[in-house]
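The sequence and the coordinates are shown first, and the description comes after them.

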Amino acid sequence: MTPRLTELWVYLSASPLLGLTLTLVAYQAAFWLYKRAGFHPLANPVMLAIAMVATVLALSDMDYRTYFDGAQFVHFLLGPATVALAIPLYAQWPKLKAMAGPLMIALVIGSLTAALSAYGIGALLGASQPSLMSLAPKSVTMPIAMAVAEPLGGLPALAAAMVMLTGVLGAIGAPYLYRWLRIGDHAIRGFAIGLASHGIGTARAFQVSEQAGAFAALAMGLNGLLTALSLPWIMPWLERLFGR
Amino acid sequence: MIAALTLLLVFQLAGEVIARGLGLPVPGPVIGMALLFLALLLRGGPSDNLRQTAGNLLQHLSLLFIPAGTGIVLYGELIAAEWLPLAAALVGSTFLAIVVTALVLNALVKRRKADEGAQP
């Protein structure tokens with residue numbers, strides 16, 4: 001690079017502008033592709049945008065920390081967006097109330113299925129203990145998963161990565177699973193994807209309908225709460241079961 | 001929009017204070033969501049302004065996961081070391097959780113409808 005370009009690069013890589021713009025441009029491009037693909041689940045915008053940003057980081061030799069310093073302004077909006085989920089929840093309140101019993105039963109069974117099957121499949125295929133403990137809370141929102149994994153002997157960073165992959169997998173797979181199971185009710189579709197795939201599943205659900213989004217948000221919140229309370233009790237018992 | 005954003009941040013802050021103050025295992029924004037939901041029940045619904053801002057924010061929820069999601073680049077080696085059990089557990093368990101939750105809920109909802117239909 002010429003001295004002037006190097007100077008420019010040094011300036012830009014220290015300012016939040018680059019990371020922030022990169023995030024927004026990648027999202028616009030990913031969303032354009034998603035739309036062009038007729039909102040096909042395989043063209044998931046979170047996955048596409050992450051792939052684009054990661055490619056730019058690798059090519060430009062920018063490290064993730066530097067990128068995140070800029071992109072954190074977008075990341076910060078996750079907080080108010082989570083609070084804003086109260087509005088679609090309120091709009092769906094009559095239907096939520098009417099389904100309260102079935103929702104609670106499905107919550108408990110679904111939550112246990114998510115954690116136990118992740119642990120069980122991983123254990124049978126020989127995953128290490130820290131990996132198993134990082135896998136178990138993978139279906140819940142990232143801050144809860146990291147907080148739950150750590151005292152159990154998991155790695156918070158690996159748990160965060162597992163959460164991300166679970167979100168994208170659920171958002172991609174759920175539409176196919178629902179077609180196969182012939183489940184058309186948006187309340188049921190939303191609840192199951194929110195329970196298994198937290199916020200990324202909820203984002204997909206909101207792209208389908210407000211009702212699906214509201215039920216996904218409810219499932220995400222409740223499964224986060226239930227997992228945070230139950231996993232510290234269940235895991236030691238599971239470890240004994242698998243002789244670890 | 002600014003008024004609505006302020007309101008959301010105030011509820012997030014309140015949630016954060018409660019979560020940390022009481023040492024709850026749930027993140028502050030989730031408590032904030034519950035508080036705002038209660039406020040909406042008491043008040044009888046959101047203002048148009050709040051509804052619009054929330055709608056805009058939630059429509060682009062995907063965007064908000066990109067910065068944290070890109071963090072996956074840091075764990076490539078960790079994941080590569082045990083890629084097979086991790087991949088099988090992620091795919092198997094995520095799909096199983098969706099299928100089981102949807103089937104249980106579907107069966108319960110159907111049974112309830114049948115019960116209601118059976119009553120005169």
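The text below treats each chain in turn, then the contact between the chains, and finally some individual residues.

The structure is a predicted model, in which local features need pLDDT of at least 70, side-chain atom pairs count only at pLDDT 80 or more, and totals for chains, interfaces and linings use all residues. Residues are numbered from 1 along each chain as its sequence is written, while chains are lettered from A and ligands numbered from 1 in the order in which they are written.

**Chain A**

Chain A contains 13 helices and zero strands, where helices (H or I, at least four residues) and strands (E, at least two) are DSSP runs numbered from the N terminus. Its pattern along the sequence is accordingly written α-α-α-α-α-α-α-α-α-α-α-α-α. The radius of gyration of chain A is 20 Å, which agrees with the value near 18 Å that a compact globule of 244 residues would have. This radius is taken over C-alpha atoms, and the globule rule is 2.2 Å times the number of residues to the power 0.38.

Buried residues account for 53% of the 244 residues in chain A. A residue is buried if 20 or more other C-beta atoms lie within 10 Å of its own, exposed if 12 or fewer, and partly exposed in between, with C-beta atoms placed from the backbone. Of the contacts in chain A between residues at least 6 apart in sequence, 62% join residues at least 24 apart. Two residues are in contact if their C-beta atoms, placed from the backbone, lie within 7 Å.

Chain A is divided into domain 1 (3–76) and domain 2 (84–241); such bounds come from an automatic or database domain assignment. The C-alpha centres of these two domains of chain A lie 27 Å apart. Six residues of domain 1 of chain A are in contact with seven residues of domain 2 of chain A. On the domain 1 side of this contact in chain A, five residues are nonpolar, one is polar and none is charged. In this classification, Ala, Val, Leu, Ile, Met, Phe, Trp, Tyr, Cys and Pro count as nonpolar, Asp, Glu, Lys and Arg as charged, and the others, Gly among them, as polar.

One pair of helices in chain A can be described in detail. The axes of helix 8 (residues 100–124) of chain A and helix 12 (residues 186–208) of chain A come within 10 Å and cross at roughly 35°. Axes are lines fitted to C-alpha atoms, for helices over the stretch in contact, and angles run from 0 to 180 degrees between N-to-C directions. Helix 8 of chain A contributes Leu103(A), Ala106(A), Leu107(A), Gly110(A), Ser111(A) and Ala114(A) to the contact, and helix 12 of chain A contributes Phe191(A), Ala192(A), Leu195(A) and Ala196(A). The residues of this contact between helix 8 and helix 12 of chain A comprise eight nonpolar, two polar and no charged.

**Chain B**

Chain B has seven helices and zero strands. With a radius of gyration of 21 Å, well over the 14 Å that the globule rule gives for 120 residues, chain B is more spread out than a compact globule. Chain B is divided into domain 1 (1–64) and domain 2 (70–120), and 27 Å separate the C-alpha centres of these two domains of chain B.

|---|---|---|---|
| Chain A | about 65 × 45 × 30 Å | 53% of 244 residues | 62% |
| Chain B | about 55 × 50 × 30 Å | 42% of 120 residues | 29% |

**Contact between the chains**

In the contact between the two chains, 66 residues of chain B meet 91 residues of chain A. Helix 7 of chain B gives the most to the chain B side, with 25 residues. The residues on the side of chain B that touches chain A divide into 50 nonpolar, 13 polar and three charged.

**Individual residues**

Thr21(A) is located in helix 2 (residues 16–36) of chain A. Thr21(A) is partly exposed, because 13 other C-beta atoms lie within 10 Å. The C-alpha atoms of Thr21(A) and Ala71(A) are separated by 8.1 Å, although these residues are 50 residues apart along the chain.

Met1(B) belongs to the segment before helix 1 of chain B. Met1(B) is exposed, with 11 other C-beta atoms within 10 Å. Between the C-alpha atoms of Met1(B) and Leu96(B), 95 residues apart along the chain, the separation is 40 Å.
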